[in-house]
Amino acid sequence: MRRSGRRRGAPRLVRMTSVEEEGPRPLLSGASRRWVRLLPWAVAFVLCVALLPTTIVVLTADYGLTGGVAGGLAVAQAAPLLLAVVRPLRAWFVVFVADVAGALALLTVDFQERLLWPFPPMEIVGYAGLCLALGLRERRRTLLLVWLATAAANVALGFVAPHGFGATGLLCTILGGVALLLGGALRERSEARRRLAEQETISEAERGRRTLLEERARIARELHDVVAHHMSVITVQADTAEYRLDGLRPDVRQEFTSIAATARESLGEMRRLLGLLRSEEAPGELVPQPGLAQIGQLAEATARACGPVEFTPCDVEVPEAVGLSAYRIVQEALSNVVRHAPGARTQVSLSVTESDPRGGARLTVLVVNGPAPVPSAAPLEVGGTGHGLVGMRERVRLVGGSLDTGPLPDGGFRVAARLPLNSPD
């Protein structure tokens, strides 16, 4: 037992390890459209290609740095933008240190007062893009610390400004803060929409499960009425056998008495179990359960309320459970016609076929409706949850049959159920 427990646990450890080895995902990797997933890579590549040579030219031609220093600073400030697509915080550390080092390196040369310091324009553009990537990935606390570090670096460098520190020196802090705020707002909005979608999916699954349980409870209550009738007949026949039949031996009379007691006990147990399924507000049903004979009345009522309904009956004796399931399937199918295609021409047919190779007869229930007439009013329900089909499937599963439903090419809908007339295995 211990050996099998380790074997079951091993794959779980492997999966955990593989998840850890995967690392962080790229920005916008969860987007449904491919171009959105590729957008961060495209923006990072364009910024890197554009800023790398621009930084070298500006630092050498305008600010007067040597080519080697300018090239090193350009690579350290532009190349990490590609890393920012996957790990923006690590890229920020590299770029932040490179920007501060570049500002200190500019103190060693004599440049014109009109040029921006401590951060030239190309560094501000790259830093703003990096802050946008940070906002899309990191939490509020991290974003606040990044902005405070940026502001602190600007203020500290302002004390050693070669031409005085003005409002333009805070440009990197202002634009970086705006980019952090924008990225954080987009990330929180995306997470809120994702959580809402997950909650809607969970709610829909819970509604479907609740509908399924309610339909099963309803089937159990209806089956109680069907089975209780037969059990009551068995009890009465067994109790009255000694009065209806003459010359019964004592052992036969005792056998009938035992049969009646067993049937009475089974009926009581079934009623006690049914009490667990009934809600306190649900009243007891005192009318007989419907069957094939009532389907015609159901079709006539639908024709009077909604539209033309053609009914093809089938004069055959079927088990009560099969008749009840057939009635409920037709009832739900006609209800869907009333809700989604009012006024549509509908055909309801019942037939018995010998479709089983082993000779088992099956009752075929077919409900087909066409599209709603164009001049008529709009459907009562333009959408649905499909929970009515859940009840149909439960009815069919109850008797061991099959169900086929789906739309038709002309805009109508078809419901076909095949219910075996013999007891399912």
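A pocket, on a 1 Å grid over the protein atoms alone, is an open set of points with protein on both sides within 12 Å along at least five of seven lines, while a cavity is a set of points where a 1.4 Å probe fits but cannot get out; lining residues have an atom within 4 Å of a point. Grid points are joined across faces, edges and corners, and a volume is the space filled by probe spheres set on the points.

You're looking at a predicted model, where local features need pLDDT of at least 70, side-chain atom pairs count only at pLDDT 80 or more, and totals for chains, interfaces and linings use all residues. Residues are numbered from 1 along each chain as its sequence is written, and side-chain values use heavy atoms, with hydrogens and water left out.

Let's start with the open space. The largest pocket has a volume of about 1,100 Å³. Of its 30 lining residues, Leu27, Leu28, Ser29, Leu136 and Ser190 sit closest to the centre. Helix H8 supplies the largest share of that lining, seven residues. Helices here are DSSP runs (H or I, at least four residues), numbered from the N terminus.

A search of the whole structure turns up one cavity of 30 Å³ or more, and the largest cavity has a volume of about 70 Å³. Among the residues lining the largest cavity are Leu51, Val95, Asp99 and Tyr127. H6 gives the most to this lining, with four residues.

The axes of H5 (residues 88-106) and H6 come within 10 Å and cross at roughly 155°, which makes H5 roughly antiparallel to H6. Axes are lines fitted to C-alpha atoms over the stretch in contact, with angles from 0 to 180 degrees between N-to-C directions, and roughly antiparallel means over 145 degrees. The contact (heavy atoms within 4.5 Å) includes Trp92 and Phe96 of H5 and Leu130 and Arg137 of H6.

On to H7 (residues 140-158): H6 (residues 121-137) packs with H7 at an angle of about 160°, their axes 10 Å apart. That makes H6 roughly antiparallel to H7. Tyr127, Leu134 and Gly135 of H6 meet Leu143, Val146 and Thr150 of H7.

Note on methods
Helices (H or I, at least four residues) and strands (E, at least two) are DSSP runs, numbered from the N terminus. Angles under 35 degrees count as roughly parallel, over 145 as roughly antiparallel, 65 to 115 as roughly perpendicular and the rest as oblique.
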